[in-house]
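Hello,

My notes on what was found follow after it.

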Amino acid sequence: MCKHILNAQVAIRAPCCKKWFDCPECHEEQADHPLKKSYEMILACKKCKKVFRKDSREFEEADEYCPRCDNHFVIPAKTPELRIEVEGEQGDHRMLRDERDPDRAHREHNSLFGAPIQSTASLHH
């Protein structure tokens, strides 16, 4: 599943390595080479699993749909949003949750700026 485009409707076959990726950023993160540019796109619909080709030089409005199941795959991308929320009981604003990095809670230095967390007892002295 793509972490860059949350509503990806097709997978794209990279012309350089012939592997499937949900987006160019996924290829960049997983491959050890740059993505080769090509006018011909080989796509796989995530709804019906049909593989089909499209030429980006001749792309029309009707080409925004899967030729087999008519799934509209050219849609505005939903991307992860940067947000920091306050969590805690009854207005306790000392605890912040950073949803960009779920492993942050398990790190030794668990604060927004990398400094060790101070206990609440040391804050009151």
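**Cysteines**

Across the whole structure, the search for disulfides finds zero. Please keep in mind that this is a predicted model. As a reminder, a disulfide is a covalent bond between the sulfur atoms of two cysteines.

Two cysteines can be followed up in detail. For Cys-17, the closest cysteine sulfur is that of Cys-16, at 4.2 Å. A disulfide needs the two sulfur atoms within 2.5 Å, so the sulfur of Cys-17 is too far from that of Cys-16 for a bond. Cys-48 has its closest cysteine sulfur in Cys-66, at 3.6 Å, which is also too far for a bond.

Are these two cysteines buried or exposed? Cys-17 has a relative accessibility of 23% and therefore counts as partly exposed. Cys-48 has a relative accessible area of 18% and is buried, because the limit for buried is under 20%.

Four strands make up an open sheet, and their order across it is 2-1-3-4, with antiparallel pairing. Its edges are strand 2 (20–21) and strand 4 (51–55), each of which pairs on one side only. Strand 3 covers residues 40–45 and runs antiparallel to strand 4, with five bridges joining the two. Which residue of strand 4 is the bridge partner of Glu-40? That partner is Asp-55.

**Pro-15**

Pro-15 sits in the loop between strand 1 and strand 2. Its relative accessibility is 24%, so Pro-15 counts as partly exposed. With neighbours within four places in sequence left aside, Pro-15 is in contact with Leu-35, Lys-36 and Ser-38. The C-alpha atom of Pro-15 is also 8.3 Å from that of Ile-42, although these residues are 27 apart along the chain.

**The second largest pocket**

The volume of the second largest pocket is about 290 Å³. Its lining consists of 16 residues, and those that lie nearest the centre are Ile-5, Val-10, Ile-12, Asp-22 and Phe-73. Strand 1 (10–13) and strand 3 are the elements that give two or more residues to this lining. By residue class, the lining of the second largest pocket has 13 nonpolar residues, two polar and one charged.

Regards

Terms used. Residues numbered from 1 in each chain as written. Predicted model: local features only at pLDDT ≥ 70, side-chain atom pairs only at ≥ 80, totals over all residues. Heavy atoms only, no water. Pairing = 2+ DSSP bridges. 1 Å grid on protein atoms, 1.4 Å probe; cavity = no way out; pocket = protein on both sides within 12 Å on 5 of 7 lines; lining within 4 Å. Points joined across faces, edges and corners; volume = space filled by probe spheres on them. Nonpolar A, V, L, I, M, F, W, Y, C, P; charged D, E, K, R; others polar. Buried < 20%, exposed > 50% of the residue type's maximum accessible area, 1.4 Å probe, protein only. Contact = heavy atoms within 4.5 Å.
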